[in-house]
Structures are given as structure tokens and as C-alpha cells.
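Open the model in your viewer and keep the selection tool ready. This tour has two stops.

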Amino acid sequence: MTSLPLGEALFAVQRTTPLVHCITNFVAMNSTANCLLAVGASPAMLHAVEEVAEFTRLAGALSINIGTPSPTWAEGMQQATKAAQENNTPWVFDPVAVGATRYRQTLSQQLLAFSPSVIRGNASEIIALTGLTHQGRGVDATASIDEARDAAIILANRQGCIVAMTGEHDFVTDGTQHWRLTGGHSLMPRVTTLGCALSATVAAFIATRPETPLVATVAALASFGVAGERAGALATGPGSFQVALLDALYQLTPSDLDTFTGLEKG
């Protein structure tokens, strides 16, 4: 049994079908929408400057992903995050490859000013957000979770939010409480945009539990951990894994998370 009410968090998502507004990258739209539907949430993929702020006020949560940024999308992201902050709408920031270019670094700093509820990234991205030098290799992490642990805690305290680092294992912190998760499968990095979909899934969970974002974040990561293990047991390669993962996410029950054994204080 876990010491956090993870099953309650999944039950809340499945019962309430939260609307998640996603401004994500071109590559991730389809897989992100499918993962959100599988866990019980309702996805929306809007990025037009003319409507993002208005729609953000209707959504239960916002997910921002800078995977394929452009000036107009960047403006939309800023308008959406500003609306989220003003409306007390929880939002998740996925700083894809933030260390790769100055443009991404500048955009990320602009978005951080609107107080994300959760930052979800790999170790290299979290290090880069703290201002330390670590470019990574595009969207891939070249630093380990353990190397970036202190950076995650610093960032969580600086931003006053949850930081979730995912990789060979996962690390979640609010700056004071720290949790380590294991699970998933080695095929997960072979399927593109699963990290993007995970960030949006975190948004779905915090939409129903905005008062306990740490628990909601851990529950979302645990859901992917359990589903990844089950999908990996059935898959013969990345293609069949992707299909099996969607099925496994759809079949998750609250008791699956309540009996999750891959969580420990860290």
C-alpha cells in the first residue's frame, strides 16, 4: 500500500472527466489527446491567440508544452498562462529542450512568471531551468535524475510549485517533501511524445485535486508507471507498446494505484 491517496486521485479523474486545455507541439497532439481520453479526461487542443485566454477560463486545467514553439504560439501560451493565473486555474509547464536554444530559454522564463502549478521535465530540462549550464541533446536528457535532484528542489522552492522529473526513475518534490517512483518499461523512450502526454495527464489530475498538487502529480506518474509495466509485458516492439499503453491506461482502477509498490520517500 502507498502512503498517499493515489487511488482517490484517479477516481476523481474518472468520475468528473476534467477538461484539459493543451497547447502542445505538432508531434504530440494526437497521442496526448488519446492518453487523456484513456485515463478519463477530456482533451482540447487550442492555440489560436484569439481564443486561448477565453478557453483557459473554461477548462479545469491547462497544459503548456514548448516542443515546437513559434512567435504566435508563444503569444498564445503567454495569454493562456496569464488567464490561468488570474482565474486560479492550475497549469502544468513542460519545458521541452529548454536548454537547446536561447529562444526556448527566454520563452520559458516568460511563462514561469505566471506561476505554474507543476513543472514536468527530464533531468537536463530541470537543470537548465535553474539557470545552470546543461543543454541536453534536443529533447533527450543527458543528465541523470540523481544528478538533477538538488536542481529540482531548488526550482520547486524558487517557483513555489511541484517539480516532477521523469526518466530512469521519477522524482517529485514540492521543495520540502520528496518522492521517488519506479515503474514503466524500457520501451517507453522508444515511443515519441509519451512525456508530453504525461504532462497533460498531470494537468488532468490536478484539475480535480488543485488543493493537493503533489498527490495529484504522483498519482499521474504512478498511472503511467503501472500502465507502462503492463503494456511492456504484452508488447513486441514500440508499435504494439503504444497500443497496449492506451489500453492499460483505460483499464486502470483506483485499487491499482492504492497497491502501487514503486513509490517511496526520496
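**Stop one: Thr208**

Select Phe205 and Thr208: a polar atom of the Thr208 side chain lies 3.0 Å from the backbone oxygen of Phe205. A polar contact is a pair of N or O atoms within 3.5 Å; within protein, one must be able to donate a hydrogen and the other to accept it, and residues adjacent in sequence count only if both atoms are side-chain atoms.

This is a predicted model, where local features need pLDDT of at least 70, side-chain atom pairs count only at pLDDT 80 or more, and totals for chains, interfaces and linings use all residues. Residues are numbered from 1 along each chain as its sequence is written, and side-chain values use heavy atoms, with hydrogens and water left out.

Now show helix H8, residues 194-208. Thr208 lies in it. (Helices are DSSP runs of H or I, at least four residues, numbered from the N terminus.)

Is Thr208 buried or exposed? Thr208 counts as buried because its relative accessibility is 16%. (Buried means under 20% relative accessible area, exposed over 50%, partly exposed in between, with a 1.4 Å probe and protein chains only.)

Next, select Ala9, Ala12, Val13, Thr16 and Pro18. Thr208 touches these residues, not counting residues up to four places away in sequence. (Contact means heavy atoms within 4.5 Å.)

**Stop two: the lining of a cavity**

Select Ser31, Cys35, Leu194, Gln242, Leu245 and Leu246. They line the largest cavity. (On a 1 Å grid over the protein atoms alone, a cavity is a set of points where a 1.4 Å probe fits but cannot get out; lining residues have an atom within 4 Å of a point.) Helix H2 (29-39) and helix H10 (238-251) each give two or more residues to this lining. H10 gives the most, with three.

Definitions and conventions. On a 1 Å grid over the protein atoms alone, a cavity is a set of points where a 1.4 Å probe fits but cannot get out, and a pocket is an open set with protein on both sides within 12 Å along at least five of seven lines; lining residues have an atom within 4 Å of a point.
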